[in-house]
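Trainee: I'd like to learn how to read a few side-chain features. Could we go through them one at a time?

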Amino acid sequence: MPPEDSNTTGGNMIQDIQLIGFDFLDAPLIPMDTDRVFHLFYVFDGSGVLIADSSSYGCGRDSLFLFPSLEVAIPQPAARSALTILHVSFACSSPDMIRELCRLPRLMPSAPENRGLLMELLHECILKRAFHRELCALCLERLLIPAVVRLARQTRLLSPVSGLSCPADSPLSHICAYIDAHLGEELPIDSLCQTARMNPRQLNTLFKKAFHQGTVEYIRGRRLAKARELLCFSQDSVTSIAEQTGFKSVHYFSRVFKESEGVSPGEYKKRLGRVLAL
């Protein structure tokens with residue numbers, strides 16, 4: 001990668017981004033900040049229109065918007081639909097990075113990792129563990145930097161750089177998609193091996209090489225990630241969420257969740273409500 005590309009992305013971006021806050025856009029938003037504040041909107045579910053200042057943007061599941069400044073934002077769900085939109089506001093202290101972020105299109109390119117990154121940011125905001133603001137800044141960096149780099153390549157005709165993610169048609173991609181589609185089921189290793197056409201040892205080695213964890217640990221992590229999403233964005237009971245994410249019982253789900261996150265599923269949902277109230 002040419003030197004100017006690394007300068008564009010800002011090697012210390014995590015030190016330049018300051019998370020201001022987040023909420024769910026379910027009513028007209030009129031930001032109080034008059035200084036330079038970036039507003040990020042991510043559509044977790046539903047379809048409709050997002051009106052921002054004097055422009056309208058059609059939006060649906062996984063749509064991602066970035067506005068360098070904002071006077072008003074109004075969500076308008078489509079008929080027989082609802083819009084679940086996460087709004088994140090942040091500031092940036094780097095003039096170079098501000099310039100690059102302002103060049104990005106308002107409707108940003110979709111990427112499969114966006115949902116996971118924003119769930120991770122929301123997760124840190126709820127738990128408020130040590131360095132949670134730094135971790136939130138890191139999530140925003142991982143979300144925004146690829147878009148900045150893509151734009152730099154397009155405008156400067158830079159040659160593409162091979163990524164670290166696996167191709168969409170790779171065996172690992174297929175098996176991960178299968179796991180996500182069947183999280184509510186038992187997912188025995190034998191059935192995964194049949195789907196992947198490899199033995200348990202080969203499958204485990206594949207996961208450790210890609211994710212630094214074995215097959216069982218990966219599945220549990222995906223179950224927990226889905227559970228956190230349901231706790232944040234659904235009105236389902238903890239028992240129902242345990243069933244939807246493939247845990248054997250609500251008691252087992254609560255124990256595993258607390259071991260992983262430090263709080264019970266019920267307390268996790270309560271903390272989200274308290275953070276939003278603030």
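Trainee: Is Cys-232 buried or exposed?

Mentor: The general idea first: buried means under 20% relative accessible area, exposed means over 50%, and partly exposed is in between, using a 1.4 Å probe and protein chains only. Here, Cys-232 has 10% relative accessibility, so Cys-232 counts as buried. Cys-59 gets the label buried too, at 8%.

Mentor: Some ground rules before we go on. This is a predicted model, where local features need pLDDT of at least 70 and side-chain atom pairs count only at pLDDT 80 or more, while totals for chains, interfaces and linings use all residues. Residues are numbered from 1 along each chain as its sequence is written, and side-chain values use heavy atoms, with hydrogens and water left out.

Trainee: Since we're on cysteines, how many disulfides are there?

Mentor: A disulfide is a pair of cysteine sulfur atoms within 2.5 Å. Searching the whole structure turns up zero of them.

Trainee: And how many salt bridges does the search find?

Mentor: For a salt bridge you want a side-chain nitrogen of Lys or Arg within 4 Å of a carboxyl oxygen of Asp or Glu. The whole structure has 11.

Trainee: Which residue does Glu-100 pair with in a salt bridge?

Mentor: Glu-100 meets Arg-103, at 2.9 Å from N to O. Helices (H or I, at least four residues) and strands (E, at least two) are DSSP runs, numbered from the N terminus. Both partners sit in helix α3 (residues 95-103), and because they are three residues apart, about one helical turn separates them. Glu-100 is buried at 5%, whereas Arg-103 is partly exposed at 37%.

Trainee: Where do Glu-259 and Arg-255 lie?

Mentor: In helix α11 (residues 250-261), four residues apart, which is about one turn of the helix. Glu-259 is exposed, with a relative accessible area of 56%, and Arg-255 is partly exposed at 47%. Elsewhere, salt bridges that share partners join Asp-62, Arg-115 and Glu-229 into one network.
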